[in-house]
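I opened my notebook to look up charged pairs. Here are my entries, in order.

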Amino acid sequence: MGAIRTPRDRWIEEGLRALAAGGPEAVRVEVLARALGVSKGGFYGYFRNRADLLAEMLDAWERGVTEEVIERIERDGGDARERLGRLFDFVGSGETHVTSAGVELAIRDWARRDEDVARCLRRADNRRMDYLRELYGAFCPDEGDVEARCLITFSLRIGDHLIAADNGPRSRTEVLAAVRDRLLG
């Protein structure tokens with residue numbers, strides 16, 4: 001009986017963790033193998049080289065933050081406000097290795113230095129904004145209002161983790177709930 005190989009997805013997941021922790025330079029085959037508790041030989045059963053892994057990580061991230069999130073939100077149906085509510089809940093809940101704020105920020109930083117990554121990021125951002133436009137457009141007749149709500153929503157997703165300021169007498173959770181109520185109102 002042959003040895004059980006570490007699944008391809010585990011290499012990608014561990015690569016995304018390394019990316020979040022230290023950027024693309026931290027994604028090293030030896031380091032990933034050590035973190036997975038395996039030899040690096042198994043890596044080459046799935047990937048030709050490190051660049052191949054980085055490309056698959058980027059693809060997994062793009063799918064994970066666009067189509068997989070949209071499918072998850074759409075699965076339970078409901079009107080646009082209900083779907084936006086589920087989207088806010090999902091984004092604010094425990095994150096996966098793909099949708100974590102650390103990976104999001106690492107991809108954005110990497111995109112500043114790599115045109116291919118920048119194109120991928122632009123595609124993902126545009127898909128996410130298009131989905132938000134579809135949802136807000138279902139109950140906001142004014143295009144300017146739709147665009148403002150989309151930008152606020154998306155900016156909160158990206159920037160909330162970067163804001164260290166206190167929220168006065170309210171908790172961050174209370175303030176985010178108030179923002180949500182206003183956006184969905």
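First, the rule I used: a salt bridge is a side-chain nitrogen of Lys or Arg within 4 Å of a carboxyl oxygen of Asp or Glu. Side chains of opposite charge can pair when their charged atoms come close.

Next, notes on the source. This is a predicted model, where local features need pLDDT of at least 70, side-chain atom pairs count only at pLDDT 80 or more, and totals for chains, interfaces and linings use all residues. Residues are numbered from 1 along each chain as its sequence is written, and side-chain values use heavy atoms, with hydrogens and water left out.

**Entry: the count.** I applied the rule and got 22 salt bridges.

**Entry: Glu62.** I found Glu62 in helix α3, residues 50-65. Helices here are DSSP runs of H or I with at least four residues, strands are runs of E with at least two, and both are numbered from the N terminus. Is Glu62 buried or exposed? Glu62 is buried, because its relative accessible area is 14%. (Buried means under 20% relative accessible area, exposed over 50%, partly exposed in between, with a 1.4 Å probe and protein chains only.)

I then listed what Glu62 touches. Leaving aside neighbours within four places in sequence, Glu62 is in contact with Cys120, Arg123 and Ala124. Contact means heavy atoms within 4.5 Å.

**Entry: Glu62 and Arg123.** The side chains of these two form a salt bridge, at 2.8 Å from N to O. This pair links distant parts of the chain: Glu62 sits in helix α3 and Arg123 in helix α7 (residues 115-137), 61 residues apart. Arg123 counts as partly exposed, because its relative accessibility is 45%.

**Entry: Arg127 and Glu67.** I found a salt bridge here too, at 2.8 Å from N to O. It links distant parts of the chain, with Arg127 in helix α7 and Glu67 in helix α4 (residues 67-74), 60 residues apart. Arg127 is partly exposed at 28%. Glu67 is partly exposed at 31%. I also checked Arg127 against Glu62: they are 65 residues apart in sequence and 9.7 Å apart in space, C-alpha to C-alpha.

**Entry: Arg157 and Glu104.** Their closest N and O atoms are 4.0 Å apart, and they form a salt bridge. Arg157 lies in helix α8 (residues 143-159) and Glu104 in helix α6 (residues 101-111), 53 residues apart. Both Arg157 and Glu104 are buried. Which residues join them in a network? I noted Arg108, Asp125 and Arg128, linked with Glu104 and Arg157 in a network of salt bridges.
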